[in-house]
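Q: I would like to go through some terms used for a structure and the values behind them. Please show the structure.

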Amino acid sequence: MPRPPLAQPLIEHGDEIAALCRAYGVERLEVFGSAAEGRFDPARSDFDLIVTLAPDPARSISDRHFGLADALESLLGRRVDLLTSQPLRNPFLRRAVDASRRDLCVRTPAEASG
């Protein structure tokens with residue numbers, strides 16, 4: 001069964017999202033929930049995202065995390081809930097997230113070494 005399309009703003013701003021991922025040292029950015037399941041409501045929905053940041057001794061994780069969240073909110077014009085890739089403790093939330101999560105950006109080995 002084919003997956004539903006991503007929320008339109010994620011499709012429209014794919015190149016800009018990829019550029020933000022590079023700028024903030026993102027290894028992986030995933031979307032879950034309504035924006036990944038075809039239930040996105042342009043009037044009410046926010047974006048639920050999970051980020052994995054690459055190690056970067058020159059920049060703190062918190063600065064990059066909150067900077068990325070702010071930049072994504074500005075780009076997408078709505079609230080962004082940006083979770084870290086740490087394992088989710090709540091088993092109900094973990095199942096819901098895992099059922100709908102989809103990659104937006106994944107850093108390639110070539111990008112990681114260069």
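Q: What makes the contact between the side chains of Arg39 and Glu37 a salt bridge?
A: The N to O distance between these side chains is 2.4 Å. A salt bridge is a side-chain nitrogen of Lys or Arg within 4 Å of a carboxyl oxygen of Asp or Glu, so the pair of Arg39 and Glu37 qualifies. This is a predicted model, in which local features need pLDDT of at least 70 and side-chain atom pairs count only at pLDDT 80 or more, while totals for chains, interfaces and linings use all residues. Residues are numbered from 1 along each chain as its sequence is written, and side-chain values use heavy atoms, with hydrogens and water left out.

Q: Why is Arg39 called exposed?
A: Arg39 has a relative accessible area of 54%. Exposed means over 50%, buried under 20%, and partly exposed in between (1.4 Å probe, protein chains only), so Arg39 is exposed.

Q: Which class does Glu37 fall into, and why?
A: Glu37 has 29% relative accessibility, so Glu37 counts as partly exposed.

Q: How do you know that Asp46 and Arg79 form a salt bridge?
A: Their side chains meet at 2.7 Å, N to O, which falls within the cut-off for a salt bridge. The pair links distant parts of the chain, 33 residues apart: Asp46 is in the loop between helix H3 (34-37) and strand E2 (47-53), and Arg79 is in the loop between helix H4 (61-76) and strand E3 (80-84). Helices (H or I, at least four residues) and strands (E, at least two) are DSSP runs, numbered from the N terminus.

Q: Why is Asp46 called buried?
A: The relative accessible area of Asp46 is 16%, so Asp46 is buried.

Q: What ties Glu30 to Arg101?
A: A salt bridge does, with 2.8 Å from N to O between the side chains. Glu30 lies in strand E1 (residues 26-32) and Arg101 in the loop between helix H5 (91-100) and E4, so the pair ties together parts that are 71 residues apart in sequence.

Q: Are Glu30 and Arg101 buried or partly exposed?
A: Glu30 has 10% relative accessibility and therefore counts as buried. Arg101 has a relative accessible area of 27%, so Arg101 is partly exposed.

Q: What makes Glu30, Asp98 and Arg101 one network?
A: Salt bridges that share partners join Glu30, Asp98 and Arg101.

Q: How many salt bridges does the structure hold?
A: The structure holds eight salt bridges.
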